[in-house]
Amino acid sequence: MIGDTPVPMTTLDRARALDAEDELAGFRDEFLFPSHPSGRAVYLCGNSLGLQPRATRQWVLRELEHWAEHAVEGHFRGERPWFAYHEFFAKGAAEVVGARPGEVVVMNGLTVNLHLMLVSFYAPTPSRYRIVIEAGAFPSDRYAVASHARLHGFDPETTVVELAPRAGEDDLRTADVEAFLAREGGNVALVMLGGVNYYTGQAQDLAAITAAAHACGARAGFDLAHAAGNLELSLHDWDVDFAVWCTYKYLNSGPGGVACAFVHERWASAPELPRLAGWWGNDPATRFTMPDEFVPQPGAAGWQLSNAPVLTMAAFGASLEIFGRAGMKRLGAKSRALTGFLESCLRGIDTDLLTIITPTDPAARGCQLSLRVAERGESVHEALTARGVYCDFRRPDVVRVAPVPLYNSFEDVWFFSEIVRECVT
Ligand SMILES: Cc1ncc(COP(=O)(O)O)c(C=O)c1O
C-alpha cells in the first residue's frame, strides 16, 4: 500500500465512464500517437515531448508553400507575413500563462532565453548578489545561473544558494522558501525556481515566492518548462518579473521547438535594464531602415535578437490553436481529475515498493506524478516500455508519468497502473 486514505473506484468500467463524461475527450483525435507492436501505445511522456497535432503538418506546409510562392517577399505578403510573424503568436502564448500579449514573446530556446533574462534581471552588487534556486534544479538552470555569477566576478559556490526539502522529505516547502528570504534575503538579488520541478513534479507557489522575493528586495524569475501548458498560471497578476519556457513538452511544438519568454509589463520599457540587443528587438518601424542606434520595441518582443524561426513557430501555432479552443481552465480541471485518478489507481496497489514523491495536494502539482520504485525502478520501466507505455526513468529510482489532459484518457491511466500492479506485486 502506498497510502492509507480510502481509494475511490478505479476499475476499467469507471475509467471508461469518466472518459465518456469528459468534454475534452475529442481532442485526443487531434493528435498522432506512436505505434507499438502490442497494438496499444499509452503515451505518458508529454512532460518530455508532446505529441504531434494532426494539424501541424498543414501549418508547416503552409509556410513552405508561402516560401515557394513568394520567396523573400514572404516577409511582407500573405496572411502571416514573416516580418511580423512573432506577433501572431503573442496573444495565444500569453493566454496559456496568464499574461498580457505584450508580455510574451516566442523566440530562441529555453536556455538561451534564460541567459537573456539573466543579463537583464540579475544585476548583482557587492552587497546583494546571491541567486536562490531549488536543490535538484534542472542542470541547464544551474549551469546558467552559475555562469552569470562568474560573469559578474562572483564565486558560484557562495553566490548560488540551493534550497532543499527538509530531511526525509521530497518536496520544498513554500514556507521554507519564504522563511529563508525573510531571514537572509538582504543579499539576494534573484530568486529563480522551476515552476514545476522536473524530477519530483512539485509545483511551486509562484505567487507566494514572487511576493517573498519582492518583499526582500530581490527579483523573481521562473523556468516554466514543466509548468507552461500544464498549470493554470497568472504570471501578470502574480507580478513575476520574468519567465522562460520551452514549447516541445506540454505545448507540443515538436523536438527542439521554439521557446517563449515573459517579461512583466512593469519592465516593458525599462532603459535601466541592461540587455543584449539584436535587430529583431528593434522598433519594427525602423528595423528595416537599419538605424545605427538600437531602439528596443516595448515589451517582451524587445528582447528578440534574430528574425523568427518560422517553420518551428508554425508547428507551435498548430498546438496553440488547440489550446485556444480547449482553454487552460478546462484543461486544468481535467488534469486534476486525471492525475487524481492515476493517484487513486496507484494507491490501490498492494505493495511497499512504490512511493509517490509528487505532492498529494492537487494545488502543488500539475499532471505529472513521479513514482519512486524501490529496488526495481529500472526493470519496472523496462517492463512498462515493453508493454507499450511511454514514460521515463530518472536515476536513481524514479519513473515519471504525465497523463496530459489534451490527449490522455482515464483508460490510459488505468491501463498504466494495471501494468505497474503486475510489475510490483
Ligand atoms: C526544467 C527544464 N529546464 C530547462 C531545460 C532545457 O531546455 P532547452 O534545451 O530547451 O534549453 C529543460 C529541458 O528539458 C527542462 O526540463
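Start with helix 1 (residues 12–21) and helix 13 (residues 410–424), whose axes come within 7 Å and cross at roughly 155°. The model is a predicted one. Angles over 145 degrees count as roughly antiparallel. Helix 1 and helix 13 are therefore roughly antiparallel to each other. On the helix 1 side, the contact uses Leu12, Ala15, Arg16, Leu18 and Asp19. Helix 13 answers with Phe410, Glu411 and Trp414. Sorted by class, this contact has five nonpolar and three charged residues, and no polar ones.

Stay with helix 13 for a salt bridge. The side chains of Asp412 and Arg28 meet there, at 2.8 Å from N to O. Asp412 lies in helix 13, while Arg28 sits in the loop between helix 1 and strand 1 (31–32), so the pair ties together parts that are 384 residues apart in sequence. In total, the structure holds 25 salt bridges.

The axes of helix 7 (residues 174–184) and helix 8 (residues 206–215) come within 9 Å. Their crossing angle is roughly 5°. Angles under 35 degrees count as roughly parallel. Helix 7 and helix 8 are therefore roughly parallel to each other. Helix 7 brings Thr174, Val177, Glu178 and Leu181 to the contact. Helix 8 brings Ala208, Ile209, Ala212 and Ala213. Six of the residues in this contact of helix 7 with helix 8 are nonpolar, one is polar and one is charged.

Next, look at the surface. Leu61, Leu64, Trp67 and Leu311 form a nonpolar patch there. Together these four residues have about 360 Å² of accessible area. Helix 2 (residues 56–70) gives the patch its largest share, three residues. Trp67 has its place in helix 2.

Two backbone details remain, each in a loop between strands. Arg395 and Pro396 are joined by a cis peptide bond, with omega at about 5°. Look for Pro396 in the loop between strand 14 (392–394) and strand 15 (398–401). Asp239 is in the loop that runs between strand 8 (219–223) and strand 9 (242–245).

How values were computed: Residues numbered from 1 in each chain as written. Predicted model: local features only at pLDDT ≥ 70, side-chain atom pairs only at ≥ 80, totals over all residues. Heavy atoms only, no water. Axes fitted to C-alpha atoms, helices over the stretch in contact; angles between N-to-C directions. Helix = DSSP H or I, 4+ residues; strand = E, 2+ residues; numbered from the N terminus. Parallel < 35°, antiparallel > 145°, perpendicular 65-115°, else oblique. Contact = heavy atoms within 4.5 Å. Nonpolar A, V, L, I, M, F, W, Y, C, P; charged D, E, K, R; others polar. Patch = residues over 30% accessible without salt bridge, like charges linked within 9 Å, V, L, I, M, F, W, Y side chains within 5 Å. Areas by Shrake-Rupley, 256 points an atom, 1.4 Å probe, with all protein chains shown as cover.
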